[in-house]
Amino acid sequence: MRFSRLYVKTLKETPKDAEVVSHQLMMRSGMIKKLTSGVYTHLPLGYKVLKKVENIVREEMERAGAQEILMPVIQPAELWQESGRWDTMGPEMMRIKDRHNRDFILGPTHEEVITDIIRNDISSYKSLPLNLFQVQTKFRDERRPRFGLMRCKEFLMKDGYSFHDGEKSLDEEFETMKATYTRIFERCGLNFRAVDADAGSIGGSGSNEFHVLADSGEDEILYCDSCDYGANLEKAESDLGLKPREGELFEPVLTETPNISKIDDLVEHLDIDIKKTVKAMMYKDIDTDKVYMALIRGDFEVNETKLKNFVGAKQDLELLTDEELEELNLVKGYIGPFGMDLGDITVIADKTVTGIANHTAGGNKADTHYFNLNLGKDYKVKKVADIRNVKVGEGCPKCGASLKSARGIEVGHIFKLGDKYSKSLGANYLDQNGKSKDMLMGCYGIGVSRTVAATIEQHNDEFGIIWPMSLAPYTVDVIPANMKDKDQSSLAEKIYGELKDKSIDAIIDDRNERPGFKFKDADLIGFPIKIIVGRGAKDGLVEVKIRKTNEAFEVKIEEVISFVEDLIAKG
Ligand code: ATP
Ligand code: MG
């Protein structure tokens, strides 16, 4: 490619609406252009990178035996009504009507379509297992599209689906996909972790997310350095070494706590240990209007995902508003499990509550709290469960070592779906004994466009992007320092030609600009290798510079191609 012909407009200023560095640098280096919120055009430089990620994904999926297909974006509502997701998917789904007023959607994911294909085509165990994937634009009406390519309404995803005649086969494919994803993200040059993830209402153990570690990540990852444990905060567990309740249990005592509705103030005012307090959080299932009281030790936070899964809610739970609390005669800041008839409210206690003898909690009257409450003796709960957010430093549930935490960007998700879709959509097969059984399914997603953004989050400096070799839009940027110097420009052309002959992705900056100007653009766009053809050319030397390390080498002209080949091979 010739820089003089490249369709790119780099920006000196950082666009105001770009909050994270990947968004800023993609805009500044002219990789993407916003059409409207969460919807972007991939311009030539950006599209080249996107294609490189896509190709790595494709190569590795095919290497693992999966076959590529392309399913339609437009999907009929009936299929989603059949699976039950027409009602549960909510406002994230883009719904459209055709001229006959029939309902359709723009695919946010393709479990329904693939299962429809398979249920019609496959009827025998002999055709299983099977893994089909596609790379395709997905549509999701996100509540908050943001961070450039990170969370879009329209984005590129690789989604794969596997079908099996039993748990063993599904487990094997899950492990193969885990290894495949590991290879993919390694080839992308990313620092990532595979972690246990929330499997939602489907449950089961088989859900792993792949997270690129970066401070801007929306997710919190808890992990252990002493063993391989890692989990999304939504799912993470820990060993607190809790002991059973012991000692004498006293009778509840109501005490005045005027204007003290916050746990920290309460602890200070009453001079008590926060570990002997219990707070009550009030949630509502927006689907069913059912109200839950979640009890948890005062120094911990409720994990809404764990609670949601535990109670089997279809949508996210919401905290009750002040008005809703009032309607239930509950006083904000003074809510507790004892002292009033809680009516239809379902009380769920975190495991941390069971071990506390004589705890303090809200008095269910303004400006009051109770001392000496004891679960089981003074009040009852529907269930005790783990509904707590794990904190950094707590014990690893596998080996007991201290858990660490990091921010992560979810770039991939693999999932054992089991029979969720095959059951609702009737995808069954005849086993060896001629018996009809539901197929088991797995699904495997990668955010291809999000991976591009995540890579930049991890690989940048104050000058711009630092592309890993495997993803750079061009691996080598040949820069004649002075285009008017015939020796320099013709040598640069010769080197550029030779790089192309070797199928190395190269660009020549043939613009009539000062060298400093060209270097700035090169560093902003992030080409991994620069070959600078300057004054040394007449002495048979060029300069090779490495973006990542800032190293510079004087290299003989006749050796420059093999020198660059070595650099690329080293990665
Ligand atoms: P998130 O929790 O970030 O919303 P998700 O759980 O909805 O992700 P999946 O349905 O598992 O995501 O989709 C597979 C992959 O697609 C994700 O791992 C992520 O990399 C990517 N992805 C999901 N939503 C978006 C989006 N709005 N924009 C860009 N990429 C996305
Ligand atoms: Mg999502």
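**Group meeting talk: a walk through one predicted model**

T346 counts as buried because its relative accessibility is 10%, where buried means under 20% relative accessible area, exposed over 50% and partly exposed in between, with a 1.4 Å probe and protein chains only.

Residues are numbered from 1 along each chain as its sequence is written, chains are lettered from A and ligands numbered from 1 in the order in which they are written, and side-chain values use heavy atoms, with hydrogens and water left out.

Now the overall picture. The protein chain has 15 helices and 31 strands; these are DSSP runs numbered from the N terminus, helices being H or I with at least four residues and strands E with at least two. Of its 571 residues, 51% count as buried. Along the principal axes, the C-alpha atoms fill a box of roughly 95 × 65 × 50 Å. Taking contacts (heavy atoms within 4.5 Å) between residues at least 6 apart in sequence, 70% join residues at least 24 apart.

Back to T346, which sits in strand β17, residues 346-350. Leaving out residues up to four places away in sequence, T346 touches K290, V291, Y292, M293 and K382. From T346 to M282 is 64 residues in sequence and 9.9 Å in space, C-alpha to C-alpha.

Next, helix α1, residues 21-28. Six of its eight residues are buried, so the helix is largely enclosed by the rest of the structure. Which residues of α1 are buried? They are S22, H23, L25, M26, M27 and R28. These pack against several elements, among them β1 (32-36), α12 (448-458) and α14 (515-525). After α1 comes G30, with a positive phi near 70°.

Then E209, in strand β10, residues 207-213. The E209 side chain does make a polar contact with the side chain of N232, at 2.7 Å. A polar contact is a pair of N or O atoms within 3.5 Å; within protein, one must be able to donate a hydrogen and the other to accept it, and residues adjacent in sequence count only if both atoms are side-chain atoms. E209 also touches, among others, E410 and H413.

A polar side-chain atom of E410 lies 2.6 Å from a ligand oxygen, and for H413 the corresponding distance is 3.2 Å. For R151, a side-chain N or O atom is 2.7 Å from an oxygen of ligand 1.

Last, strand β30, residues 541-546. V542, V544 and I546 form its covered face, and L541, E543 and K545 the uncovered one. Strands pair if DSSP finds at least two bridges between them. β30 runs antiparallel to β29 (residues 529-533), with four bridges, and antiparallel to β31 (residues 552-556), with five. K545 stands opposite K530 in β29 and has A552 as its bridge partner in β31.

Notes
Predicted model: local features only at pLDDT ≥ 70, side-chain atom pairs only at ≥ 80, totals over all residues.
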